[in-house]
Amino acid sequence: MLKVIQINQNTELIKQSLQNNRKAQKKLYEKFAPKMLSLCAYYIKDIQQSEEVMLNGFLKVFTKLNQFSNKGSFEGWIRKIMVFECISYLRTKNKYLFTDKIENFEPLVENEVELSIAVEELHNHIKELPEGCRIIFNMYVIEGYKHHEIADLLNISAGTSKTQLFRARKALKEMISVHQKKYYERS
């Protein structure tokens, strides 16, 4: 029942926003801004830049609102716009670097590291990843893009995407291991 009410609220807010109702637009913004800022922060370390990208994303949301076809979730539609906005920002800054060489290849053993780590700490570890690894990790693991989709969006090869994901996972595994070691030393 709750989802039906939320969907109806979103639909009504969308209709009102399309009619340039500023109160409805503000309600939509307030409803989704915290999640979208968090999403932008996964891609862009600097919180002020994340906020700017989120605001630019919402500008696109409201200017392209008539293109939302009520197929799928409205939040998912906004998330897609925010991800594209983050990628556009990073592309203009030309800061991220992707390589497709794997040095010291060691296959990861799944579930080798126990995940007794808080979500906030994991988020902080993700923020510490090199930019290329962080972008691929976010797109693949958090947003659910496939390697070929990531490759198309970032103008890289699917192999480069896989390499960056491998590096991100390896780095996170090491960070979590260090975190756990420190945790158990304190106990």
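Helices here are DSSP runs of H or I with at least four residues, strands are runs of E with at least two, and both are numbered from the N terminus. On that basis the protein has eight helices and zero strands, which reads along the sequence as α-α-α-α-α-α-α-α. This is a predicted model, where local features need pLDDT of at least 70, side-chain atom pairs count only at pLDDT 80 or more, and totals for chains, interfaces and linings use all residues. Residues are numbered from 1 along each chain as its sequence is written, and side-chain values use heavy atoms, with hydrogens and water left out.

**Overall picture**

- Buried residues make up 37% of the 187 residues; buried means under 20% relative accessible area, exposed means over 50%, and partly exposed is in between (1.4 Å probe, protein chains only).
- The protein exposes about 11800 Å², with carbon and sulfur atoms supplying 52% of that; the areas come from the Shrake-Rupley method with a 1.4 Å probe, and for residues only the protein chains shown count as cover.
- Take the contacts (heavy atoms within 4.5 Å) with a separation of 6 or more: residues 24 or more positions apart account for 73% of them.

**The nonpolar core**

- A nonpolar core is a set of buried Ala, Val, Leu, Ile, Met, Phe, Trp, Tyr and Cys residues joined through side-chain atoms within 4.5 Å.
- The largest one has 44 residues, and Tyr43, Phe74 and Met139 touch the most other members.
- Two or more residues each come from α1 (2-18), α2 (22-43), α3 (47-63), α4 (74-93), α6 (131-142), α7 (147-154) and α8 (158-186).
- The top contributor is α4, which gives 10 residues.
- Setting aside neighbours within four places in sequence, Phe74 is in contact with Asn10, Ile14, Leu28, Phe32, Leu65 and Phe68.

**Aromatic rings**

- Rings of Phe, Tyr and Trp (its six-membered ring) pair if their centres lie within 6.5 Å; planes under 30 degrees apart count as stacked, over 60 as edge-to-face and the rest as tilted.
- By that rule there are six aromatic pairs.
- Phe68 and Phe74 pair edge-to-face, at 5.0 Å centre to centre with 75 degrees between the planes, and both residues are buried.
- Phe68 also pairs with Trp77, this time tilted, at 5.4 Å centre to centre and 55 degrees between the planes; Trp77 is buried, as is Phe68.
- Ring pairs link Phe32, Phe68, Phe74 and Trp77 into a cluster.

**Cysteines**

- You won't find a disulfide (a pair of cysteine sulfur atoms within 2.5 Å): the structure holds zero of them.
- For Cys86, the closest cysteine sulfur is in Cys40 at 3.7 Å, too far for a bond.
- Cys86 is buried at a relative accessible area of 0%, and Cys133 also counts as buried, at 6%.

**Polar contacts**

- A polar contact is a pair of N or O atoms within 3.5 Å; within protein, one must be able to donate a hydrogen and the other to accept it, and residues adjacent in sequence count only if both atoms are side-chain atoms.
- Arg79 sits in helix α4 and is partly exposed, with a relative accessible area of 22%.
- The Arg79 side chain makes a polar contact with the side chain of Glu143 (2.6 Å).
- Leaving out neighbours within four places in sequence, Arg79 is in contact with Met36, Leu39, Ile142 and Glu143.
- Arg79 and Gly57 are 22 residues apart in sequence and 9.2 Å apart in space, C-alpha to C-alpha.
- Asn138, in helix α6, counts as buried at 1% relative accessibility.
- A polar atom of the Asn138 side chain lies 2.5 Å from the backbone oxygen of Tyr42.
- Beyond neighbours within four places in sequence, Asn138 is in contact with Tyr42, Tyr43, Ile126 and Glu143.
- Arg22 lies in helix α2 and is exposed, with a relative accessible area of 59%; its side chain makes a polar contact with the side chain of Gln25 (2.7 Å).

- Most residues other than glycine have a negative phi.
- Asn20 has a positive phi of about 60 degrees although it is not a glycine; Asn20 is in the loop between α1 and α2 and counts as exposed at 52% relative accessibility.
- Asn70 has a positive phi of about 60 degrees too, again without being a glycine, and lies in the loop between α3 and α4.
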